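My entries follow the structure.

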Amino acid sequence: MEKPILDACCGARMFYFNKNDERVLFQDIRNVSTKLCDGRTFEVKPDIQADFTNMPYKDETFSMVVFDPPHLVYSHKKEPEFVDYGTLEEKTASTGYQHIKYGALYSDWPDMLTKGFVECFRVLKTGGFLIFKWNETDIKVSEILKLTPYKPIFGHISGKRSNTHWICFMKEN
Ligand SMILES: C[S@@+](CC[C@H](N)C(=O)[O-])C[C@H]1O[C@@H](n2cnc3c(N)ncnc32)[C@H](O)[C@@H]1O
């Protein structure tokens with residue numbers, strides 16, 4: 001069955017009612033299994049390991065795309081082998097738990113997220129919906145919305161600090 005929904009960066013699928021929902025194609029750039037500092041296992045096991053800035057799907061494939069990219073900016077220089085998470089525990093020793101769970105942005109984040117939006121809208125069918133999630137800890141959502149020409153329809157703010165935004169777009173002709 002062709003899956004109608006793409007999650008472009010699923011991470012550990014934390015926000016799903018069913019982490020194995022058959023309707024969703026789960027993608028992430030990482031494929032890892034590691035232990036958090038409290039001893040719990042943390043796993044990112046996507047159906048497809050791919051980069052949301054260059055996705056391996058035809059134009060107009062999905063009815064819905066979910067896009068919840070990393071939102072925390074790390075000021076140190078971009079790691080040249082960023083996509084190679086083979087030594088995850090070493091790499092995250094200095095940046096910790098949140099880096100493991102959510103990934104990270106580096107100085108190239110505007111370009112990376114711009115390309116991510118372009119790709120998400122490319123693989124979305126006309127009339128389909130993009131569900132975008134953003135946490136404003138480091139970067140205001142208003143800055144992020146400048147990275148795509150598409151205009152959001154509506155949104156909702158949530159989280160303990162009211163800084164997590166859920167935003168819905170539709171791909172029009
Ligand atoms: C905020 S987390 C997603 C959390 C997820 N929504 C959940 O419910 O658990 C962001 C994810 O984006 C992934 N990521 C970072 N850069 C990526 C890229 N270029 N392509 C695909 N995934 C990427 C990270 O590995 C991380 O798992």
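I first noted what a pocket is: on a 1 Å grid over the protein atoms alone, a pocket is an open set of points where a 1.4 Å probe fits, with protein on both sides within 12 Å along at least five of seven lines, and lining residues have an atom within 4 Å of a point. Grid points are joined across faces, edges and corners, and a volume is the space filled by probe spheres set on the points.

I also noted that this is a predicted model, in which local features need pLDDT of at least 70 and side-chain atom pairs count only at pLDDT 80 or more, while totals for chains, interfaces and linings use all residues. Residues are numbered from 1 along each chain as its sequence is written, and side-chain values use heavy atoms, with hydrogens and water left out.

**Pockets**

I looked up the second largest pocket and found a volume of about 220 Å³. Its lining includes Phe15, Tyr16, Phe17 and Trp166. I sorted that lining into nine nonpolar, one polar and two charged residues; Ala, Val, Leu, Ile, Met, Phe, Trp, Tyr, Cys and Pro count as nonpolar, Asp, Glu, Lys and Arg as charged, and the others, Gly among them, as polar.

The largest pocket holds about 1,000 Å³ of space. I counted 43 lining residues there, with Asp68, Pro69, Pro70, His71 and Tyr102 nearest the centre. By class, 18 are nonpolar, 11 polar and 14 charged.

**Layout**

I read off four helices and nine strands; these are DSSP runs numbered from the N terminus, helices being H or I of at least four residues and strands E of at least two. Of the 173 residues, 46% are buried, where buried means under 20% relative accessible area, exposed over 50% and partly exposed in between (1.4 Å probe, protein chains only).

**Two residues**

I found glutamine 27 in strand β2 (residues 24-28). Why does glutamine 27 count as buried? Glutamine 27 counts as buried because its relative accessibility is 0%. Its side chain makes a polar contact with the side chain of tyrosine 57 at 2.7 Å; a polar contact is a pair of N or O atoms within 3.5 Å, and within protein one must be able to donate a hydrogen and the other to accept it, while residues adjacent in sequence count only if both atoms are side-chain atoms.

Threonine 137 sits in the loop between β7 and α4 (141-145). I recorded threonine 137 as partly exposed, with a relative accessible area of 48%. The side chain of threonine 137 makes a polar contact with the side chain of asparagine 135 at 2.4 Å.
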